[in-house]
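Hi everyone, thanks for coming. Please have a look at the sequence and the model on the screen, and then I'll walk you through some side-chain contacts.

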Amino acid sequence: MLNKKNIFLKSLSILEKKVVTFFFLFAAISIFISFIELIGISFLGTFIMFLTDINGFLEKTDKFDILSFMQNFSEKDLIYFFLISITVFFIIKNTIVFIFFYFFHKFKAYFTFIISKKIFSKNLKNEYEYFLSQKKSKIIHDVREESERFTSVFFSILNIF
């Protein structure tokens, strides 16, 4: 009996190694992007903590040598420093996320194309009577729908990451 893991692995064996490699690469990058998003949220929490108690925050930074340069700033300069740092971080983060989703959707279109091509090639191996008995629009519809279903299953798994 096939369980869900075996079905997934068997489905991967249908695909080319390059496509499988890109699939797992996008899974790894999506995990990385999740951590970047988490860091962005923690920056906002840190900034709120900083605004509520600037002196307490500076006392906590004494423990870290890398943050010792903040001791020489005035409160206004510290606020500007944090705002600029957060803005730069979010611009970089959103650029990375934008680039990721651009290539993600290009890969999804390529993945759908590969699956459609495989399904269509399999359909072409049918007997001649099959084509006479079927409407051409039904064959095209079946190829498109099945490739979309297969693609949506794989990319739903990727979206879980």
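Let me begin with a term we'll need: a residue is buried under 20% relative accessible area, exposed over 50%, and partly exposed in between, using a 1.4 Å probe and protein chains only. Please keep in mind that this is a predicted model, where local features need pLDDT of at least 70, side-chain atom pairs count only at pLDDT 80 or more, and totals for chains, interfaces and linings use all residues. Residues are numbered from 1 along each chain as its sequence is written, and side-chain values use heavy atoms, with hydrogens and water left out.

Phe101 is partly exposed at 39% relative accessible area, whereas Phe100 is buried at 9%.

Now to charges. Side chains of opposite charge can pair when their charged atoms come close. We call it a salt bridge when a side-chain nitrogen of Lys or Arg is within 4 Å of a carboxyl oxygen of Asp or Glu. How many salt bridges does this rule give? The count is three.

One of them joins Lys93 and Glu37, with 3.2 Å between the closest N and O atoms. Lys93 sits in helix H4 (residues 75-124) and Glu37 in helix H2 (residues 17-52), so this pair ties together parts 56 residues apart in sequence. Helices here are DSSP runs of H or I with at least four residues, numbered from the N terminus. Is Lys93 buried or exposed? Lys93 is buried, at 5% relative accessible area, while Glu37 is partly exposed at 30%.

Glu146 and Arg149 also form a salt bridge, at 2.4 Å from N to O. These two are three residues apart in helix H6 (residues 136-160), about one helical turn. Glu146 is partly exposed at 38%, and Arg149 is partly exposed at 46%.

Let's turn to the rings. Rings of Phe, Tyr and Trp (its six-membered ring) pair if their centres lie within 6.5 Å; planes under 30 degrees apart count as stacked, over 60 as edge-to-face and the rest as tilted. Across the whole structure there are 21 aromatic pairs. Phe43 belongs to helix H2 and Phe89 to helix H4, so the pair connects parts 46 residues apart in sequence. Phe100 and Phe101 are edge-to-face too, at 5.2 Å and 70°. Finally, ring pairs link a cluster that includes Phe22, Phe100, Phe101 and Phe155.
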